[in-house]
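Here's a quick briefing to read with the model open beside you. Have a look at the fold first, then work through the points below.

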Amino acid sequence: MLNSSLEILAIVAAGNSRYRCRCGFLCGFPLAERAGAVTIAPVNSAPLGFFDSGVGGLTVVRAVQELLPAEDILYLGDTARLPYGSKSPETIRQFADEDVRFLIARGVKAIIVACNTATAHALPTLQQRYSVPILGVIEPGVDAALACPSAERIGIIATRGTIRSHAYQHALALRRTGLIIHGQAAPLLVPLIEENWIDHPATRLVLKTYLDPLVEKGIDTLMLACTHYPLLIPVLQELLPKDVRLVDSATTCAEHLKKELTRLDLLETTPREGSLELYLTDLSEEFESLARQFLKKSPGRIHRAVLGN
């Protein structure tokens with residue numbers, strides 16, 4: 001939603017009009033002229049923007065498409081600089097800022113940081129810097145994990161960067177005292193998933209290595225704190241005790257996004273099938289294949305994105 005802090009400037013060029021906010025960027029909402037005055041047109045039909053360091057965030061996109069099929073989506077995967085998890089917090093914040101600028105320049109109405117590492121290190125800074133609504137994947141997951149009153153022992157599997165940030169541990173502890181939280185870095189899972197070894201014996205062996213210590217500690221909830229991991233849910237359900245709840249960042253983020261768009265009156269209300277526009281900073285057949293794997297359908301044409309300009 002727009003607020004009084006925005007300085008509106010009509011820019012009319014080749015029939016394209018946008019507003020400029022104090023951050024200095026063309027934030028992409030359409031302008032309309034009425035009775036000689038410039039007014040802001042409804043932005044419900046503007047696309048949603050998503051970004052991740054790679055294509056893992058497409059699991060969040062798929063969940064959003066299933067829940068909000070009318071929404072247009074613009075996705076940016078910074079594949080030229082992945083993974084973010086091995087970078088310093090300062091570098092992650094710089095990369096995330098460039099990702100957000102790219103999306104804002106293309107007129108998105110809200111941005112979803114579909115990357116746990118970027119959410120952990122950059123989300124507060126981004127939310128302070130930009131007026132467009134920016135959501136992450138951590139808070140929705142924490143809300144879902146604690147929705148069960150009996151949740152007491154919570155396990156977290158994630159990349160090293162996410163575990164080191166303590167973002168999930170901190171958010172959980174702030175919400176409920178007395179929790180026993182166990183974080184487990186699982187660095188081998190992303191490459192195994194990207195090899196499409198979802199049900200491979202090697203993946204099962206690696207998963208058991210990561211999961212057995214958590215199960216031995218008596219976890220009642222397992223948080224999948226990486227956007228790649230929802231693809232492993234069928235295997236995880238076989239390996240884990242039946243009474244362990246699974247909480248994944250894709251589904252929980254999609255549900256949280258719907259609530260926020262409803263609250264901000266930004267939902268697309270026209271009954272139609274939304275579009276998907278996919279941008280990657282490094283194009284290759286491998287990434288196209290991964291995109292198809294994560295979306296469970298053809299990604300269509302993929303565009304090359306140039307950041308930092």
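Let's start with helix 1, where Leu-58, Thr-59, Val-60, Val-61, Arg-62, Ala-63, Val-64 and Gln-65 are buried. Buried here means under 20% relative accessible area, exposed means over 50%, and partly exposed is in between (1.4 Å probe, protein chains only). Keep in mind that this is a predicted model: local features need pLDDT of at least 70, side-chain atom pairs count only at pLDDT 80 or more, and totals for chains, interfaces and linings use all residues. Residues are numbered from 1 along each chain as its sequence is written, and side-chain values use heavy atoms, with hydrogens and water left out.

- Helices (H or I, at least four residues) and strands (E, at least two) are DSSP runs, numbered from the N terminus.
- The cover over the buried residues of helix 1 includes strand 5 (48-52), strand 6 (73-77), strand 7 (110-113) and strand 13 (276-280).
- Helix 10 (249-263) and helix 11 (285-295) are also among the elements that cover those buried residues.

**Two threonines to click on**

- Thr-59 sits in helix 1 and counts as buried because its relative accessibility is 3%.
- What does the side chain of Thr-59 reach at 3.0 Å? The backbone oxygen of Gly-56 is what that side chain reaches.
- Setting aside neighbours within four places in sequence, Thr-59 is in contact (heavy atoms within 4.5 Å) with Thr-227, Pro-230, Leu-231, Ala-250 and Phe-294.
- Thr-252 belongs to helix 10, and at 9% relative accessibility Thr-252 counts as buried too.
- Not counting residues up to four places away in sequence, Thr-252 touches Pro-140, Gly-141, Ala-144 and Val-247.

**Salt bridges**

- The whole structure has 16 salt bridges, each being a side-chain nitrogen of Lys or Arg within 4 Å of a carboxyl oxygen of Asp or Glu.
- One of them brings together the side chains of Asp-72 and Arg-272, at 3.1 Å from N to O. This pair links distant parts of the chain, 200 residues apart: Asp-72 is in the loop between helix 1 and strand 6, and Arg-272 is in the loop between helix 10 and strand 13.
- Asp-72 counts as buried at 15% relative accessibility, whereas Arg-272 is partly exposed at 32%.
- Arg-272 also meets Glu-268 in a salt bridge, 3.3 Å from N to O, and Glu-268 is buried with a relative accessible area of 9%. Through shared partners, Asp-72, Glu-268 and Arg-272 join into one salt-bridge network.
- Another salt bridge connects Arg-129 and Asp-97, whose closest N and O atoms are 2.7 Å apart. Arg-129 lies in helix 3 (residues 116-129) and Asp-97 in helix 2 (residues 89-104), so this pair ties together parts that are 32 residues apart in sequence.
- Is Asp-97 buried or exposed? Asp-97 is buried, with a relative accessible area of 7%, while Arg-129 is partly exposed at 44%.

- Which order do the strands take in the open sheet of 6 strands? The order is 8-7-5-6-13-14, with parallel pairing.
- Strand 8 (134-135) and strand 14 (302-304) are the edge strands, and each pairs on one side only.
- Strand 7 and strand 8 run parallel and are joined by 2 bridges; two strands count as paired if DSSP finds at least two bridges between them.
- To find that pairing on screen, look for Ile-112, whose bridge partner in strand 8 is Leu-135.
- As background, strands of a sheet pair through backbone hydrogen bonds, either parallel or antiparallel.

**Strand 9 and its partners**

- Strand 9 (residues 153-158) is mostly covered, with 5 of its 6 residues buried.
- Strand 9 pairs with strand 10 (residues 180-185) in the parallel sense, over 6 bridges, and Arg-153 stands opposite Ile-180 in strand 10.
- Strand 9 also runs parallel to strand 11 (residues 221-224), with 4 bridges joining the two. There, Ile-157 has Leu-224 of strand 11 as its bridge partner.

Conventions
Polar contact = N/O pair within 3.5 Å; in protein donor to acceptor, adjacent residues only side chain to side chain.
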